[in-house]
Amino acid sequence: MRELELFFICAVFICGFFGVYYTKNMIKKLLMLGVMNVATIGIFLFIGSTHSIIPPILSGDPLIISNHSFSDPLPQALVLTAVVIGFATQSLSLVFVMFLSKNYQTIEEDKIEKLVEEERKSDLES
(Lines give C-alpha, C1' and ligand atoms only; values in the text may rest on other atoms or scores of the structure.)
Protein backbone atom coordinates (compact mmCIF):
# COMPACT_ATOMS: atom_id res chain seq x y z
CA MET A 1 0.00 0.00 0.00
CA ARG A 2 2.83 2.40 0.81
CA GLU A 3 4.34 1.82 -2.63
CA LEU A 4 1.08 2.93 -4.21
CA GLU A 5 1.08 6.12 -2.12
CA LEU A 6 4.66 6.88 -3.14
CA PHE A 7 3.84 6.16 -6.79
CA PHE A 8 0.89 8.58 -6.66
CA ILE A 9 3.00 11.30 -5.04
CA CYS A 10 5.73 10.89 -7.66
CA ALA A 11 3.14 10.92 -10.46
CA VAL A 12 1.70 14.21 -9.17
CA PHE A 13 5.20 15.71 -9.01
CA ILE A 14 6.01 14.57 -12.55
CA CYS A 15 2.70 15.97 -13.86
CA GLY A 16 3.55 19.31 -12.25
CA PHE A 17 7.06 19.25 -13.70
CA PHE A 18 5.86 18.56 -17.23
CA GLY A 19 3.16 21.20 -16.83
CA VAL A 20 5.81 23.78 -15.93
CA TYR A 21 8.08 22.64 -18.74
CA TYR A 22 5.58 22.50 -21.61
CA THR A 23 3.12 25.32 -21.01
CA LYS A 24 3.83 28.87 -22.12
CA ASN A 25 1.08 30.51 -20.07
CA MET A 26 2.55 31.99 -16.89
CA ILE A 27 -0.59 31.49 -14.81
CA LYS A 28 -0.61 27.80 -15.71
CA LYS A 29 3.08 27.61 -14.81
CA LEU A 30 2.30 29.02 -11.37
CA LEU A 31 -0.52 26.50 -10.98
CA MET A 32 1.81 23.64 -11.87
CA LEU A 33 4.42 24.95 -9.42
CA GLY A 34 1.69 24.72 -6.78
CA VAL A 35 1.05 21.11 -7.80
CA MET A 36 4.76 20.37 -7.42
CA ASN A 37 4.69 22.03 -3.99
CA VAL A 38 1.81 19.79 -2.92
CA ALA A 39 3.72 16.72 -4.11
CA THR A 40 6.78 17.82 -2.15
CA ILE A 41 4.64 18.20 0.96
CA GLY A 42 3.26 14.72 0.28
CA ILE A 43 6.80 13.32 0.15
CA PHE A 44 7.59 14.94 3.52
CA LEU A 45 4.46 13.44 5.06
CA PHE A 46 5.21 10.07 3.49
CA ILE A 47 8.69 10.05 5.00
CA GLY A 48 7.41 11.22 8.39
CA SER A 49 4.88 8.42 8.67
CA THR A 50 7.21 5.48 8.05
CA HIS A 51 7.06 4.15 11.60
CA SER A 52 3.52 5.07 12.57
CA ILE A 53 0.66 7.41 11.76
CA ILE A 54 -0.04 8.30 15.40
CA PRO A 55 0.70 11.99 15.98
CA PRO A 56 3.32 12.81 18.63
CA ILE A 57 0.92 14.40 21.12
CA LEU A 58 1.70 13.40 24.67
CA SER A 59 -1.22 13.29 27.08
CA GLY A 60 -2.64 10.85 29.53
CA ASP A 61 -1.24 7.61 30.87
CA PRO A 62 2.53 6.95 30.55
CA LEU A 63 1.80 3.28 29.74
CA ILE A 64 -0.02 4.30 26.56
CA ILE A 65 2.85 6.58 25.60
CA SER A 66 5.48 3.88 25.98
CA ASN A 67 3.48 1.27 24.05
CA HIS A 68 3.10 3.30 20.87
CA SER A 69 5.52 4.29 18.19
CA PHE A 70 4.87 7.87 17.10
CA SER A 71 5.36 9.51 13.74
CA ASP A 72 8.35 11.81 13.38
CA PRO A 73 7.40 15.44 14.20
CA LEU A 74 10.24 17.01 12.18
CA PRO A 75 8.66 16.45 8.73
CA GLN A 76 5.40 17.86 10.11
CA ALA A 77 7.20 21.06 11.13
CA LEU A 78 8.88 21.21 7.72
CA VAL A 79 5.49 20.82 6.04
CA LEU A 80 4.12 23.83 7.93
CA THR A 81 7.12 25.84 6.81
CA ALA A 82 6.77 24.59 3.22
CA VAL A 83 3.11 25.59 3.11
CA VAL A 84 3.86 29.13 4.27
CA ILE A 85 6.84 29.56 1.94
CA GLY A 86 4.91 28.07 -1.00
CA PHE A 87 2.02 30.46 -0.44
CA ALA A 88 4.33 33.46 -0.19
CA THR A 89 6.28 32.44 -3.29
CA GLN A 90 3.15 31.93 -5.35
CA SER A 91 1.69 35.23 -4.19
CA LEU A 92 4.83 37.14 -5.09
CA SER A 93 5.07 35.35 -8.45
CA LEU A 94 1.46 36.22 -9.20
CA VAL A 95 2.23 39.88 -8.53
CA PHE A 96 5.12 39.67 -11.03
CA VAL A 97 2.85 38.05 -13.63
CA MET A 98 0.27 40.80 -13.07
CA PHE A 99 2.99 43.42 -13.57
CA LEU A 100 4.15 41.75 -16.80
CA SER A 101 0.61 41.40 -18.10
CA LYS A 102 -0.07 45.07 -17.41
CA ASN A 103 3.11 46.18 -19.22
CA TYR A 104 3.01 43.75 -22.18
CA GLN A 105 -0.74 42.94 -22.43
CA THR A 106 -0.07 39.19 -22.50
CA ILE A 107 0.81 36.35 -20.18
CA GLU A 108 2.38 34.14 -22.84
CA GLU A 109 6.08 33.59 -22.23
CA ASP A 110 7.17 33.65 -25.89
CA LYS A 111 5.38 36.90 -26.65
CA ILE A 112 6.86 38.63 -23.61
CA GLU A 113 10.36 37.46 -24.59
CA LYS A 114 9.93 38.89 -28.10
CA LEU A 115 8.64 42.20 -26.75
CA VAL A 116 11.55 42.47 -24.29
CA GLU A 117 14.00 41.71 -27.10
CA GLU A 118 12.46 44.44 -29.25
CA GLU A 119 12.72 46.89 -26.34
CA ARG A 120 16.39 46.06 -25.85
CA LYS A 121 17.14 46.50 -29.53
CA SER A 122 15.40 49.87 -29.60
CA ASP A 123 17.31 50.96 -26.47
CA LEU A 124 20.63 49.95 -28.05
CA GLU A 125 19.84 51.79 -31.29
CA SER A 126 18.98 55.06 -29.57
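**Entry 1: K29**

I began with K29, which counts as buried because its relative accessibility is 17%; buried means under 20% relative accessible area, exposed over 50%, and partly exposed in between, with a 1.4 Å probe and protein chains only. Before going on, I noted that this is a predicted model, where local features need pLDDT of at least 70, side-chain atom pairs count only at pLDDT 80 or more, and totals for chains, interfaces and linings use all residues. Residues are numbered from 1 along each chain as its sequence is written, and side-chain values use heavy atoms, with hydrogens and water left out.

I found K29 in helix α2; helices (H or I, at least four residues) are DSSP runs, numbered from the N terminus. Next I asked which residues K29 is in contact with, leaving aside its neighbours within four places in sequence. I got V20, T23, K24 and E109, where contact means heavy atoms within 4.5 Å.

**Entry 2: Salt bridges**

How many salt bridges does the structure hold? I noted two, a salt bridge being a side-chain nitrogen of Lys or Arg within 4 Å of a carboxyl oxygen of Asp or Glu.

I wrote down E109 as partly exposed, with a relative accessible area of 21%.

The side chains of R2 and E5 also meet in a salt bridge, at 4.0 Å from N to O. R2 and E5 are three residues apart in helix α1 (residues 2–22), so about one helical turn separates them. R2 counts as partly exposed at 29% relative accessibility, and E5 is partly exposed at 35%.

**Entry 3: Cysteines**

I looked for disulfides, meaning a pair of cysteine sulfur atoms within 2.5 Å, and the count came to zero.

**Entry 4: T89**

Last, I turned to T89, which lies in helix α4 (residues 73–104). Its relative accessibility is 44%, so T89 counts as partly exposed.

Conventions:
Helix = DSSP H or I, 4+ residues; strand = E, 2+ residues; numbered from the N terminus.
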